[in-house]
Amino acid sequence: MKALSRRELLKLSGMVAAGSVLVSCGATSEPTKAPEPTAAVAAPTEVPTTAPPPPAQGNVVVMHKVQEGELTEDMVTQFETKYPGITVEVVQDDLTRYFAMYAAGNPPDLVRIQAPTVPPWLARKMLYDLTPYFQASTAVKIDDLAPANNYYMAEDPLHVGTGKIYGMCKDWSPDFTLFLYKKAFADKGLELPSDTEPLTYQKLYELAKQLATFEGDRITMFGFDYPDVWVDRIWMNMLGETGDLLYTQDYTQIALTSSDKAKEVLKYFFDHATDKLGAVGAIIPSPNWIGDDFDKGLVASLMYGYWFSAMAETDVTKDQVLFVPGPTWAGVQRDPTMTATGMVMSAITKVPDAAWTFFQWYNGEEPALDRAGSGWGVPALKSWYEKMPKETPFQQQVQKVLEGELGLSTPPLQFNPYLAEATVSNAWLLYLEQAVGGQITFDELLTSLEKDVNAAIQDGIAAIG
Amino acid sequence: MSLAGPRPERTRATARSRRRQRTFYTFISPWLLGFVLLTLLPLIAGLLISLTNYDGLNPRSMHLVGLDNYVTAFKDPLVRHASGRTMVWVLLNLPLWIIVSFFLAILVNQKIKGIGIFRTLFYIPSVIPAVGLVWTWKILLEQNYGLLNGFLSLFRPGTAIGWLSDQAIYGVTSIALWSGLGAGMIIFLAGLQGLPDELIEAARIDGASSFQVFWKITLPLMTPVLFFQIVLGLISAFQMFVIPWLATTSGSVPAPPRGVYLYMVNIYRQIFGVGRFGYGMAILWLLIVVIMALTLLVFRTQRYWVYSEVEE
């Protein structure tokens with residue numbers, strides 16, 4: 001037999017290495033996002049009365065944030081003890097893995113998702129209609145569902161808010177509220193804003209300019225930070241104040257260059273990056289993530305929801321945090337959640353009854369009750385609002401503001417069913433970097449962004465068929 | 001002359017040959033099976049997906065779009081940008097990696113006491129997991145509170161160079177170089193230790209200086225290793241993804257800055273960020289074709305510069 005020559009061996013090595021391009025691509029996981037509220041474990045005070053355990057049986061596969069503690073092994077044991085006959089297999093939340101499982105025709109029965117995912121998945125007929133289960137449930141009653149659960153109700157992918165129920169959130173927050181670092185205001189001799197009257201975005205910008213502190217090129221105090229990976233959700237809410245949409249009525253195009261109102265909103269965030277008022281993508285990177293920066297006393301004002309109150313006070317920021325209502329763009333107060341993290345059931349689950357039993361337990365029994373008292377989010381059931389912590393002066397101040405925000409009853413944001421969750425914000429950050437660097441103008445940024453997003457929408461329309 | 005004479009010998013030779021072939025295929029079959037299942041089939045599946053509009057979600061709505069994805073790729077400014085940045089990356093990283101790892105190999109090829117410690121130290125970065133390695137570098141290179149800018153601020157107060165943002169090409173190159181040097185060094189070291197001592201000794205007796213020994217003997221004899229390193233380095237540089245991604249993205253930074261927006265980064269974003277699986281596979285296949293073409297080109301040039309003791 002002819003031995004492999006050195007040249008043949010090298011050729012073969014080259015082929016193998018080139019081929020590994022594909023393999024390595026599949027092996028990567030979804031980049032880490034900013035930490036979200038986790039279900040801190042608190043001792044359950046009472047357990048809601050539920051119907052006797054249904055005779056459901058089977059193995060339920062749940063894709064959830066295991067490593068982050070939102071669904072722990074202890075919780076699974078607790079469930080399996082309470083509902084013998086049902087076993088639970090937990091899979092770490094991983095979009096790549098989900099794609100693979102779905103493509104193989106065997107997706108997880110229950111999946112942790114966020115609100116923007118509901119319309120695209122609904123359009124692809126991937127969600128199980130849970131309405132009959134909700135109607136029969138005594139643990140998660142329809143009339144007890146908090147407003148954020150409207151994100152999981154839909155007539156069709158373009159009309160979210162009412163209709164069939166496809167899931168529910170685990171907890172939620174009005175997400176446009178602000179956390180202010182009192183010391184930063186004191187250091188600059190600025191008066192603290194009121195916690196009863198909302199700031200305007202314009203006033204917030206002025207304050208941020210005064211609060212931002214530089215030492216040479218170094219930023220030692222960020223003036224105003226916001227979750228830039230969700231920037232399009234903020235735009236939608238700002239435009240919503242005047243009844244305008246980020247997209248055309250049929251959601252087949254993003255409307256930027258044709259809308260002066262949209263241009264104005266986007267210009268606000270362009271100026272914010274140009275003036276280096278806060279951490280923005282890779283343009284002005286955060287030392288860690290904006291929540292952590294706030295905790296270290298590096299951020300003067302931060303746009304995050306109620307959930308952040310559970311971690312806003314640290315050794316550095318103790319007694320130095322003021323929670324204030326979400327700002328207004330055109331004088332109309334709106335404060336919806338922009339995430340509504342929750343759970344849905346796969347349309348092709350083979351064990352819907354068993355999966356529902358777990359769904360109901362996670363969202364309406366012991367784990368939900370533990371979450372309600374933890375302060376990591378507003379409970380998904382209205383009857384549990386009273387369980388939110390209000391022992392410390394800060395928690396009491398937070399509750400006072402939160403009460404006002406909950407009273408706004410803002411309708412849910414309508415996400416585009418033809419787009420993936422991060423398409424707009426990713427494209428925005430990519431072109432924003434060029435614009436801030438002076439390589440393209442703001443108008444060119446808008447044109448490029450619009451072109452990219454519209455191409456993605458067309459792909460989405462074609463994919464849905 | 002008997003016609004039957006050589007037959008038993010030939011039969012024995014054939015049987016031996018068959019046995020050797022069986023042994024060969026038995027030993028190579030695990031690799032071959034892995035290659036077919038984990039490389040060849042995914043490649044073919046990727047090629048087929050590249051001809052569809054698959055969005056990764058629902059295979060039932062997938063349909064053929066012919067070569068549309070490839071046509072789109074040639075018009076896509078992001079593909080052009082990512083290709084340009086990848087070329088810059090390859091041209092910067094490949095020569096640096098080759099030169100520095102060769103230099104390190106020469107250093108640790110000295111016969112001095114305790115050289116094993118240095119070899120181990122230089123190789124350690126190659127065995128550190130990428131996440132830990134990048135995290136350490138991020139502490140060093142962070143813009144506002146990083147150690148490097150802190151040090152530079154001693155000379156120019158308030159220095160805040162964006163090593164992982166606007167100057168990311170340099171910051172990420174440093175990380176990639178540091179993590180890859182050990183592996184490069186080991187291969188060069190193995191090559192250096194295989195060089196015949198008598199040639200070098202003869203040159204020294206003839207009065208050759210160290211530089212002359214290196215230039216006239218070591219380097220020519222090392223060209224087969226150099227060639228191998230260039231091929232592997234080229235492929236690896238074109239595939240670079242993990243280090244730029246880990247070093248420059250976070251929860252609040254969903255994509256690397258434009259300076260290190262490499263081709264593989266764009267593929268990842270198109271597939272998992274935008275959900276364009278079909279399109280992502282198409283641009284992935286274009287990359288495979290480019291890598292193969294360049295590899296072939298390097299192979300074609302070897303007759304002009306790679307030393308071989310055997311006539312081709």
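Me: Over how many bridges do strand β1 (residues 58–64) and β2 of chain A pair?
Reply: This is a predicted model, where local features need pLDDT of at least 70 and side-chain atom pairs 80 or more, while totals for chains, interfaces and linings use all residues. Residues are numbered from 1 along each chain as written, with chains lettered from A and ligands numbered from 1 in written order. Strands are DSSP E runs of at least two residues, helices H or I runs of at least four, both numbered from the N terminus, and pairing takes at least two DSSP bridges. β1(A) and β2(A) run parallel, and their bridges number 7.

Me: Which strands stand at the edges of the sheet in chain A?
Reply: The open, mixed sheet has 5 strands, in the order β2-β1-β3-β13-β6 (chain A). Each edge strand has a single partner, so one side of it lacks a neighbour in the sheet; these are chain A's β2 (86–92) and β6 (167–169).

Me: Which helix supplies the largest share of the side of chain B that touches chain A?
Reply: In all, 59 residues of chain B are in contact with 59 of chain A (backbone-placed C-beta atoms within 7 Å). The largest share, 10 residues, comes from α1(B).

Key. Two residues are in contact if their C-beta atoms, placed from the backbone, lie within 7 Å.
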